[in-house]
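Work through the exercises below with the sequence and the coordinates at hand. Each task is followed by a solution in steps.

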Amino acid sequence: MDTPTTTKDMAMTDVSLQPPPGPPPPSQSQSKTINIEWGKYGEGQGSRSQVCSSCDSTVWTTVTTSITGLGFLWFLLCYCCCCVCALLPFHLNIFKKFKHVCPNCGALLKTISPKLTPTNLVFAILSIIFYFLMILLFLYVVAKYLGVVR
């Protein structure tokens with residue numbers, strides 16, 4: 001076997017002996033657990049299979065929805081100003097509670113309320129502030145038109 005005689009040949013020999021870059025190949029003794037999560041988006045909106053602790057049977061739940069207190073507050077604030085945005089609590093899941101009920105015995109199995117994220121809260125506050133500024137601008141234009149403000 002030839003031994004490298006120059007530095008260039010040595011460097012090429014050293015590189016060829018090194019393992020390839022990247023993660024090592026998995027050995028047969030290692031096992032990986034893969035968790036598959038589903039149902040995070042839209043969780044609670046539809047019926048699901050669940051075990052009822054009251055009647056000890058696996059059932060498909062019956063889902064009922066109701067508006068949260070924040071949804072009613074949003075509705076009242078926007079409705080007082082004749083805003084179309086008052087209807088948002090009836091369409092957005094952020095303003096709703098989902099109650100899963102056993103169809104056999106009527107027991108409440110689970111209540112899911114979608115979380116109000118900080119981004120959604122900031123968006124709601126900014127939209128309310130913007131809406132009230134638009135109302136003030138409209139009132140100013142009407143007052144100027146009527147001659148109340150010069």
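**Exercise 1. Aromatic pairs**

Task: Determine how far apart Phe75 and Tyr79 are in helix H2, and classify the pair that their rings form.

Solution. Phe75 and Tyr79 lie 4 residues apart in helix H2 (residues 69-80), so about one helical turn separates them. Helices (H or I, at least four residues) and strands (E, at least two) are DSSP runs, numbered from the N terminus. The model is predicted: local features need pLDDT of at least 70 and side-chain atom pairs count only at pLDDT 80 or more, while totals for chains, interfaces and linings use all residues. Residues are numbered from 1 along each chain as its sequence is written, and side-chain values use heavy atoms, with hydrogens and water left out.

Next, apply the ring criterion. Rings of Phe, Tyr and Trp (its six-membered ring) pair if their centres lie within 6.5 Å; planes under 30 degrees apart count as stacked, over 60 as edge-to-face and the rest as tilted. By this rule there are 3 aromatic pairs. For Phe75 and Tyr79 the centres are 5.4 Å apart and the planes meet at 20°, so this pair is stacked.

Then check exposure, where buried means under 20% relative accessible area, exposed over 50%, and partly exposed in between (1.4 Å probe, protein chains only). Tyr79 is exposed at 55%, whereas Phe75 is partly exposed at 21%.

Phe75 also pairs with Phe90, edge-to-face, with 5.5 Å centre to centre and 80° between the planes. This pair links distant parts of the chain, 15 residues apart: Phe75 is in helix H2, and Phe90 is in the loop between H2 and strand E4 (96-101). Phe90 is partly exposed, with a relative accessible area of 37%. Phe75, Tyr79 and Phe90 form one aromatic cluster.

**Exercise 2. Cysteines**

Task: How many disulfides does a search of the whole structure find?

Solution. A disulfide is a covalent bond between the sulfur atoms of two cysteines. The criterion is a pair of cysteine sulfur atoms within 2.5 Å. The search finds 0 disulfides. Take Cys102: its closest cysteine sulfur is in Cys52, 3.7 Å away, which is too far for a bond. For Cys105 the closest cysteine sulfur is likewise in Cys52, at 3.6 Å, again too far for a bond. Cys102 is buried, with a relative accessible area of 2%, and Cys105 is partly exposed at 40%.

**Exercise 3. A backbone angle**

Solution. Most residues other than glycine have a negative phi.

**Exercise 4. The largest pocket**

Task: Describe the largest pocket by its volume and its lining.

Solution. On a 1 Å grid over the protein atoms alone, a cavity is a set of points where a 1.4 Å probe fits but cannot get out, and a pocket is an open set with protein on both sides within 12 Å along at least five of seven lines; lining residues have an atom within 4 Å of a point. Grid points are joined across faces, edges and corners, and a volume is the space filled by probe spheres set on the points. The largest pocket holds about 390 Å³ of space. Its lining has 21 residues, of which Trp74, Phe95, Phe123, Ala124 and Ser127 are closest to the centre.

H2 and helix H3 (118-146) each supply at least two lining residues, and H3 gives the most, with 9 residues. By type, the lining has 19 nonpolar residues, 2 polar and no charged. Here Ala, Val, Leu, Ile, Met, Phe, Trp, Tyr, Cys and Pro count as nonpolar, Asp, Glu, Lys and Arg as charged, and the others, Gly among them, as polar.

**Exercise 5. Contacts and the whole chain**

Task: Which residues does Thr68 touch, not counting residues up to four places away in sequence?

Solution. Contact means heavy atoms within 4.5 Å. Thr68 is in the loop between strand E3 (62-67) and H2, and is buried at 15% relative accessibility. With residues up to four places away left out, Thr68 touches Phe95, Lys96 and Lys97. The chain has 3 helices and 5 strands, in the order α-β-β-β-α-β-β-α.
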